[in-house]
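Please look at the model shown here and consider the terms that are used to describe it.

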Amino acid sequence: MDDAQIIDEIGPRLLALRRGRDLTLHELSAETGISVSALSRLETGKRRPTLDLLLPLARAHRVSLDQLIAAPATGDPRVHLTPRRSRNGSVVVPLTEYPGRMQVFKQVLGPKTPRLVTHAGYEWLYVLAGDLRLILGEQELVLRPGEVAEFDTDQPHWFGPAGDRSVEILHMFGPQGGKARVRTPF
């Protein structure tokens with residue numbers, strides 16, 4: 001693939017990433033500081049991508065710059081794990097790199113207040129260690145190590161530790177499950 005073809009394919013890739021996260025141009029603009037007009041022109045190929053535009057977009061979409069521009073593969077299939085920590089002590093380790101596909105995470109979830117959410121997609125949870133509290137609509141379950149749950153995320157749901165100790169899980173969701181919206185405070 002020549003350089004011109006690589007550059008021509010960036011716009012459609014940006015569009016797919018944004019749509020895969022169910023974001024509007026205005027939401028992505030607010031997240032990146034890039035104007036709506038510039039984002040639209042990038043996605044349609046009417047503006048040539050530059051490093052100062054691609055870096056905030058890669059950060060916003062949580063992909064590497066290489067993935068954003070589809071740099072030729074180096075032959076190394078390993079995923080380079082980058083844990084992300086939150087204020088409540090939770091840790092998320094992405095185990096897949098490409099948005100728009102099935103997303104897989106290893107998570108250590110610290111105690112937090114339940115807040116039911118809904119979003120498009122389907123989720124699958126596998127408990128590695130600790131006890132997981134899962135709320136699905138009116139139903140509440142506790143899953144132990146080795147147990148699995150799967151559910152349609154159109155249902156209001158929440159999951160976290162069953163008590164005051166962390167729980168470790170594998171968490172997968174489909175391409176349309178990237179954006180959660182709070183529907184019901186619990």
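What follows is a set of questions and answers on a predicted model. Residues are numbered from 1 along each chain as its sequence is written. Because the model is predicted, local features need pLDDT of at least 70 and side-chain atom pairs count only at pLDDT 80 or more, while totals for chains, interfaces and linings use all residues.

Q: Why are α3 and α5 called roughly perpendicular to each other?
A: Helix α3 (residues 25–32) and helix α5 (residues 51–61) pack at an angle of about 105°, with their axes 10 Å apart. Angles of 65 to 115 degrees count as roughly perpendicular, under 35 as roughly parallel, over 145 as roughly antiparallel and the rest as oblique, and α3 and α5 are therefore roughly perpendicular.

Q: What makes the contact between α3 and α5?
A: Contact means heavy atoms within 4.5 Å, and L28, E31 and T32 in α3 meet P56, L57, A60 and H61 in α5. By class, this contact has 4 nonpolar, 2 polar and 1 charged residues.

Q: How do you know that β6 and β7 pair?
A: Two strands pair if DSSP finds at least two bridges between them, and strand β6 (residues 132–136) and strand β7 (residues 139–143) pair in the antiparallel sense over 5 bridges. I135 has its bridge partner, E140, in β7. The two strands form a hairpin with 2 residues between them, and G137 in the turn has a positive phi of about 60°.

Q: What makes β1 and β8 edge strands?
A: The open sheet of 6 strands runs in the order β1-β2-β3-β10-β5-β8, with antiparallel pairing. Each of β1 and β8 (148–152) pairs on one side only. For β1, the pairing with strand β2 (residues 91–94) is antiparallel over 2 bridges, and R85 stands opposite V91 in β2.

Q: Which classes of residue make up the lining of the second largest pocket?
A: The lining divides into 2 nonpolar, 4 polar and 4 charged residues. Among the lining residues are R84, R85, R87 and K112, and the elements that give two or more residues are β1 (84–85) and β3 (103–109).

Definitions and conventions
Side-chain values use heavy atoms; hydrogens and water are left out. Axes are lines fitted to C-alpha atoms, for helices over the stretch in contact, and angles run from 0 to 180 degrees between N-to-C directions. Helices (H or I, at least four residues) and strands (E, at least two) are DSSP runs, numbered from the N terminus. Ala, Val, Leu, Ile, Met, Phe, Trp, Tyr, Cys and Pro count as nonpolar, Asp, Glu, Lys and Arg as charged, and the others, Gly among them, as polar. On a 1 Å grid over the protein atoms alone, a cavity is a set of points where a 1.4 Å probe fits but cannot get out, and a pocket is an open set with protein on both sides within 12 Å along at least five of seven lines; lining residues have an atom within 4 Å of a point.
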